[in-house]
Amino acid sequence: MTDLLLLSTPLAGDTLPGGLCPSLSNITLGSYLRSEGVAVAVLDPSTDLDDEGDSDSPKALLERIADAVLKESPQMVGIACLSPVEGRFGAAMARVLKQRNVSLPIVLGGVWVTACGAEILERCPEIDAIVAGPGEQAALALVKSGLQNPASIPGLVWRDGEKIRSNPPAETLPTAPPVDMSLMRHPERYDIFCWLTSRGCPYHCTFCTERLTNPGFTHNPIEKVKADLEFFSNMEKSWYLWICDPLFGVNRKRLAEVCNLLKETPMQFLAESRVDVLHPEDVPQLAAAGCDLIYFGLEAVGHQSLCELEKIDARPKVHKRYLEDARNLVEACLKNDILPVFGILQPVPGDTPEDLAFTLDFLRELAAIAERLGDAANRLGPCFYAFPLRFDRGAPYETMQGHLEEKGVSATADTDPLFDDRFLEIASPSIDEQTAETFREAVRALNPASDYVRQRLLRSYPRPYIEFDA
Ligand code: B12
Ligand code: SF4
């Protein structure tokens, strides 16, 4: 009998580039619950359904997933929702499951629902409860007592007659058990594994929701890191690791320890960091450990833009160092055969055409480093991902409405204020939507055209989620 079945959002079919990757939220939660003796199962529709129905419509796919869920007669179903796209799947799935079995409890958890639990319950009668914040203790309590004593479950958002109540969230557990590979029914079908060696981030950028589920910054015990890597290394198929610690490399001693462990594995990996956190001197050991790509959340270049995002403080010398760090890291990465990839979120509130021109000049300068290095750049050049700035629920920007109005900012109009992704549309009176898109195109045009670089980028892409109507 399954006490709790954790369901993952299905990924788009294999006509798209990019690989399959299991839900880290479900694997983390499932590993903890198994270690506590709970009968937990993870169902990933991307790998675990039978092969028929490859060309399902979203509606038919939901029915097929419901067949697979109900066949296992779980006591409860949990759905991880880290962003609105997973929330839309969660809402649609709950509706179909409840139509087929009205007494099956359905609980949602994850970063996105943490920010809007009460609204989800108001809108979706098929969802029984939400877990806000870290989910381990809540899921354990839910498995033990179901929804009979909701006030005792940490982080639970629940219905009490006509009212919606919220319990204080649990604290992040100081330690986590190793990844339990047996939770994946077909580990050989995955290509990429998202994995963390630490949780949280000491910074507080205005657009970022990192603190919602991880208010503190903690390293996973090195024994867990070691045990996970041993599991991965014993697999027949070698996955590509996406190390998604928000700030990989913040502690240099720890970085060296993790790199020494990674070096012993056959896996290649990418890591994510900031230009003012990772030291160029640490790049060679990352390369020796199997790193072939580093993603830097550069986000912006000009002083006003970086201060606006609270990426840096207002001191000019900090800004100067930020740019210098970016230059040095491009050079170190290229020389060590690591592809440096920079995320750019400009235009940001208050930007002017001069801010955007300044950024483009700087990014051109970064691109020119590859030309200057010639053969020493290992056929690589820096890559730039230009995204519109997201206004995610629960990010500091949510509480800064007056500030945004003052800067002349407007966001994309919500057709559905709960389930729609929300982006910055007009950054300031002098930057309209068209100027913003023209800027992003100019940034993307700086990317190396080579197929060699493209292949390296594609290797690290998880396929996008399938879209469902909430
Ligand atoms: C891994 C990851 C991904 C992976 C997810 C797939 C995978 N294989 O797991 C990929 C690369 C696909 C991805 C994509 C995206 N991501 Co992402 N991603 C992350 C990342 C780095 C880690 C998430 C994670 O697994 N954490 C570890 C687990 C254990 O923590 P957790 O999910 O919070 O789970 C805990 C609790 O929330 C809770 N819980 C979670 N699920 C459940 C379920 C139940 C039933 C219960 C009881 C509890 C529970 O318990 C868990 C244990 O404590 C986070 C940042 C972060 N550090 O969290 C960003 C993050 C979640 N992503 C984010 C974003 C914006 C995106 C994208 C929109 C990016 C984009 N531009 O496309 C897309 C979303 C998809 C889309 N197309 O729209 C934002 C979300 C912002 C928001 N609130 O909406 C985050 C927070 C990054 C950030 N700081 O801004 N992402
Ligand atoms: S954007 Fe990066 S550096 Fe800023 S708070 Fe989020 S995780 Fe930390």
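1. Helix α13 (residues 353-373) and helix α15 (residues 433-444) cross at roughly 5°, and their axes come within 10 Å. The model is a predicted one. Angles under 35 degrees count as roughly parallel, and α13 and α15 are therefore roughly parallel to each other.

2. On the α13 side, this contact is made by Pro353, Leu356, Leu360 and Leu363. The residues of α15 that take part are Thr435, Phe439, Ala442 and Val443. By class, the contact of α13 with α15 has seven nonpolar residues, one polar residue and no charged residues.

3. A second pair consists of helix α3 (residues 58-71) and helix α4 (residues 84-100), which pack with their axes 10 Å apart and at an angle of about 60°. That angle makes α3 oblique to α4. The crossing of α3 past α4 is right-handed.

4. From α3, the residues Leu62, Glu63, Ile65, Ala66, Val69 and Leu70 meet Ala92, Met93, Val96, Leu97 and Arg100 of α4. The contact of α3 with α4 divides into nine nonpolar, no polar and two charged residues. Glu63 of α3 and Arg100 of α4 are among the residues that meet here.

5. Turning to the ligand, the shell around ligand 2 is made up of Cys201, Tyr203, His204, Cys205, Cys208, Glu210, Pro246, Arg274 and Gly297. Five residues of this shell are nonpolar, two are polar and two are charged. Cys counts as nonpolar in this classification, and Gly as polar; the shell includes Cys201, Cys205, Cys208 and Gly297.

How values were computed. Residues numbered from 1 in each chain as written. Chains lettered and ligands numbered in written order. Predicted model: local features only at pLDDT ≥ 70, side-chain atom pairs only at ≥ 80, totals over all residues. Near = placed C-beta within 6 Å. Axes fitted to C-alpha atoms, helices over the stretch in contact; angles between N-to-C directions. Helix = DSSP H or I, 4+ residues; strand = E, 2+ residues; numbered from the N terminus. Parallel < 35°, antiparallel > 145°, perpendicular 65-115°, else oblique. Contact = placed C-beta atoms within 7 Å. Left-handed = near helix turned anticlockwise from the far one by under 90°.
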